[in-house]
Amino acid sequence: MRSFPILVDLGLVVTAATAVLLLDRAGGVGSAHGRLAIGVLLVQDVIVAVVLTLPGGLATEGTAEIGALSLALVRAALGMAALGGATWAASRWLLPRLLDRIAPSSETLFVVSLTWCFLLILGAEWLHASIELGAFLAGLALAQLDYAHELARRVRPLADFFLAVFFVSLGAGMDVGAAMTVWPQALVLSAFVLLFKPALVAGLVLRRSGDRRTALLTGLTLGQMSEFGFILVGLAVASGLTESPQLQALTALVGLVTIGVSAVIVPAAPALVARVRGAADPSAPSLVPDHTPSGHIVVVGMNTLGRLIVSGFAARGERVVAVDTDPTKLAGLPAVTVFGSADSAAVLREAGVERAKLVVAAPRIEDTNALLAYRCTRMYIPISVHAFDPSLADELLELGVDHVMISKVDGIRLVEVELHRLGVMG
């Protein structure tokens, strides 16, 4: 029983999905502090996934406790090794070939990727490893592929939904009477997590990088309790390590307080840090440079016309970002490539449409072209749209597009003339 407080303490220290979600909504995933925070979270996820294998061995009482724990650790280690080996082999030989075949269908790609994740979760359970480790390895394997960004965009709404379900189930299962008896302790522990943990993380980052602003922002981003804390306590209760309803209520209260406060602090963190005495100027360069494109040309649709336009602009020295749903069409282009559907706002953000000097819509898809035209005119971004049917030209002009390409023959020449007219090309 002495080992259980270690699990609780670890749950209070580890941060995971909530921090990433808040960071993403604040637009800080690609920043210096965002990358550092995510790096810390990845290491913590691995540690916690391994620790989640322990409660089963800790559940045995008396003289057999050490033997049961040792057996559980050996069994879990063998299971993790087998699962890791199978994941590595699949990510090297099976997944790339399978996903390359189905990539043109984004829906099929998404379903097959989810199936892969559930297979690894079932494999982890069968091998007596933690299912969280199986999910982590599944995501790690998918992250090595060219479709990682598209899958991350598609799975985000699903993750938000299950996160909401998680907190609803947490609130529904809370013993309100027990919570009322431990609220002073919950406030003390919440203050510890909100104050000590950010200070500790900021100190470590500052010692490593010397960048005060990055250190403070990283600390503030990681200043809450993780969902893994709830999971660890729940496993301990299920394993019979504790039967105290106060412990579950205490964990739930600390989580709700720290996550709620972080939801307010993380989006406002840059402004808060700017007011801290001695913080670096917000305009100073970050530890990790921002690679988001700007002042470039976005070309959507890598059909014959789209590829010709990309090659033509690249030959003229323009920076080009090419977008398409088929990775085979993006291969070999003299441009930065973004795999995904232009119907998705997340894909357009990754392509940097809001900072582009021109958008060219080349698909032979009326709805996609109209949606792009609408979004670009709302952002006052010049756009040239392919009117593959001359009857569409008037409709596109009514939407406010700057230029309409009527034919493949005139596409490159007329777009270049339009660039000169708009002043976006010398």
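The exercises below treat the whole chain and then two of its residues. The model is predicted, so local features need pLDDT of at least 70 and side-chain atom pairs count only at pLDDT 80 or more, while totals for chains, interfaces and linings use all residues. Residues are numbered from 1 along each chain as its sequence is written, and side-chain values use heavy atoms, with hydrogens and water left out.

**Exercise 1.** Describe the chain as a whole.

*Solution.* 
Step 1. The chain holds 18 helices and six strands (DSSP runs, H or I of at least four residues for helices and E of at least two for strands, numbered from the N terminus).
Step 2. Of the 426 residues in the chain, 42% are buried (under 20% relative accessible area, with a 1.4 Å probe and protein chains only).
Step 3. Among contacts (heavy atoms within 4.5 Å) between residues at least 6 apart in sequence, 68% join residues at least 24 apart.

**Exercise 2.** Determine whether F339 is buried or exposed, and state its surroundings.

*Solution.* 
Step 1. Strand β3, residues 336–339, contains F339.
Step 2. The relative accessible area of F339 is 9%, and therefore F339 is buried.
Step 3. Beyond neighbours within four places in sequence, the contacts of F339 include A103, L109, Y147 and P327.

**Exercise 3.** Carry out the corresponding analysis for T218.

*Solution.* 
Step 1. T218 belongs to helix α10, residues 212–221.
Step 2. Because its relative accessibility is 0%, T218 counts as buried.
Step 3. Leaving out residues up to four places away in sequence, T218 touches H33, L36, A37, V201 and V205.

Note on methods. Buried means under 20% relative accessible area, exposed over 50%, partly exposed in between (1.4 Å probe, protein chains only).
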